[in-house]
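Visitor: I am new to this structure and would like to know what lies behind the words used for it. Could you take me through them with care?

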Amino acid sequence: MLRALRHYLKLTPADLATASPDNWQLSVFRIMVLSGLLLVLVICLHSSWQAWQLGAYHIIAITSGFYLALLLLLRRSKPALGFSAVGFLLLVVCAGLAIVLLNPDFEMAKLGIVFLYALPTIALMFFPLRVMVGLMLLNFIPFAFLLYNQPLPALFDFSISLPSTHAYLHGLIFLFFNLCLPLASARIIRTIQRHSSELQQTHKQLSQSHDFYAELFENNGEATVLCASNGRIIKANTKACLWLGIEADNHGYLSQVLIPEQDTPGSAFWLAQDLPCIARNQPGRHLQLKHMVRTRQHHHVLQLQDVTAMHQLKLQLDQQHQNVWHLYDRLTCLPKASFFRKQADERLSKAQPWPFQLCVIIRLCHIKTLNQQFGYEFGSQVLQQFASQCRQSLRPDALLGRLRGVKFGLLLPVQPEPLSPAQQAEAMYQQLPETLMIGSQQVQLRYQLGFCLSEGTADAATLLEQCEIALEQADNNVPIVQFAPEQAAELQQTYALANALQDAIRQRQLQLFLQPKVNGEGQIKAFEALCRWQHQGQWIAPDLFIELALQHGCIKALSQLVLEMTIDILAQWQQQRWFYPIAINLAGPELLDDSFFAHLLAQSAFYPWLTKRLQLEITETHFATQQAALHTRLRALSQYGFSIAIDDFGTGHASLSQLVDMPADTLKIDRRFIAAIPHHRQQVKVLHTTLQLARALNLTTVAEGVETDIQRKFLAKLGFPLMQGYLFGRPAPASHWHEQLERQQPTLHEVSRLSAVESDVAG
């Protein structure tokens, strides 16, 4: 009975979930009319009984007429709600007038006027605002009648007065204003509250999507502008704002910030392709404008390329002293590498009072990080100020030049005594500027030096080559390294191996091995992809060739190859309906590369299932050292649907605050914490605490390096959901696991269960 009543009154969850006016207006009308009918039923029956005893049959007729009219309106409410609402307003007006005109007691008649005051509230629920305003104005007539405080003359020769009329009228008004109208208003307010919550949730989701696409817009590697069809700049990323000389929150119009260098048909010059322009706010900056796409909202996406360097070079070629600029670096005004070698050879060939020359290559560290954090213009200013201060701090007879990038060459006359070459290099190192002020930002500089001492008839090219060899051995712990002959042979082998690695990557000669991840019972739930390289019949250690890839700038190509091979395997498994996720390891720098990041997103768009099947593992060390730069990219990937795992957890330097804030759903506990269990009590406590912390943060944990059954049972009892190690299977080619998966031939029920497990693992 109660369920049927809720369905009739439109109070079911489905009815409350819709914001359709027809739905809630019908609900409000039925609540108000039905509650009124039920509440005044006793009054109608009792008044009719009294009227029957007194022979006032006209009262019975009037009361019954009103009651039957309400029943008719209630019945017609669904097919003709507007008609029923108008009829209800008319019944309220008739009821109020009947009380006023047919009641000889003037004080009682006033209650009919009070009854008319409900008309604007009722009209607001079903009709436009102007109807409510009209009824409000109309109510001034009965209000004036009350202020006049004089009864109307008797217009009819009968009345509706009964002995209990006072109780009937007050009860009717009480029930109408205290129950019927509040119940109807409560239904409206409930709908508003429910949909207010839904709007807040929708706004939150839209905000997250906006943040994600804002990240893509901001970090696509190009200066990008979004403008309206009239040329008003809607949004510009940081690089575009810098080049156009505009503020992030005050853009203006394209015609106010760009001057086309050539005439274009029409006023919308931004629709042209490859249009050279000049920035109004930075007259020296020349930009190439490209119209990329027009959106559905009739907005335009534009890209800018800074061609200032090319423009200046063109002007320099037309000048009489153009040869000078071929010899000097435009950014630092130092000799370029070729001119530096020429000057150094001239100095080395001449007899001087200084019998020895100290040749040094200075490398500035972390300039790439500064470029990523503050922009390339900021990094250029660092190089400019370094070159200026370095010239001032060195002796006048020192020869300084820019070799390439962040490497600078130095030739300094020295005496071998009383200080050794290493001591003199250390003294020169101390003269380099420690800090620079770029605007309001203080920059701490770090250097790595490779040096050698000129002997015999060595030329500048040979000395610089020896310095390069020494520089390869320098790191943050040993920043100054002197050349030794044995370093050349070692470096030659390293270079040969690095070149072979680059060739292997280009020719796709690397292999992809898979290692399973299992649960406590040993059932395979996922895999990890591990890259293997066989060179000249020997397997090269993964740590060695990955470090080579990082040092020689081919880590992006390596990771992209691993990504493509993994996608090929997942695509094959998708056709076989094998829903096992595969994790790939990322070193970190490739995620900061815009082209790799865009390629990863493009693959996920081409394969909609990829975000559920591919997990991205990044070591804790890389996350901690590059947390500021990686966090934004990882957050975007996580919002896009990818599962993020922190590999080798416990060996890096991530703080608890970073652990809470990192956009990851999986922790892989390093094997060194597993090797000592169950005998090492402190290690067990660390594992137990880490597992509790992961559960509190809703993170999945994977134990690496499980090699014995005792370790498996102990970790399963401890509560680790996934394990990985030689006990369950060594890394093997994908074909090996294909054969095992084909033998298993999971049923549909098992496939569904694997999908559910895969969802848990992928986050």
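Guide: The structure holds three cavities of 30 Å³ or more. This is a predicted model, in which local features need pLDDT of at least 70, side-chain atom pairs count only at pLDDT 80 or more, and totals for chains, interfaces and linings use all residues. Residues are numbered from 1 along each chain as its sequence is written, and side-chain values use heavy atoms, with hydrogens and water left out.

Visitor: What makes a space a cavity?

Guide: On a 1 Å grid over the protein atoms alone, a cavity is a set of points where a 1.4 Å probe fits but cannot get out, and its lining residues have an atom within 4 Å of a point. The largest cavity has about 690 Å³ of space, a volume being the space filled by probe spheres set on the points, which are joined across faces, edges and corners. Its lining has 30 residues, and C44, T63, F66, A95 and L172 lie nearest the centre.

Visitor: Which helix gives the most to that lining?

Guide: Helix 11 does, with seven residues, where a helix is a DSSP run of H or I with at least four residues, numbered from the N terminus.

Visitor: Why is L124 called partly exposed?

Guide: Buried means under 20% relative accessible area and exposed over 50%, with partly exposed in between (1.4 Å probe, protein chains only). L124 has 47% relative accessibility, and therefore counts as partly exposed. L124 is found in helix 8, residues 119-126.

How values were computed: On a 1 Å grid over the protein atoms alone, a cavity is a set of points where a 1.4 Å probe fits but cannot get out, and a pocket is an open set with protein on both sides within 12 Å along at least five of seven lines; lining residues have an atom within 4 Å of a point. Helices (H or I, at least four residues) and strands (E, at least two) are DSSP runs, numbered from the N terminus.
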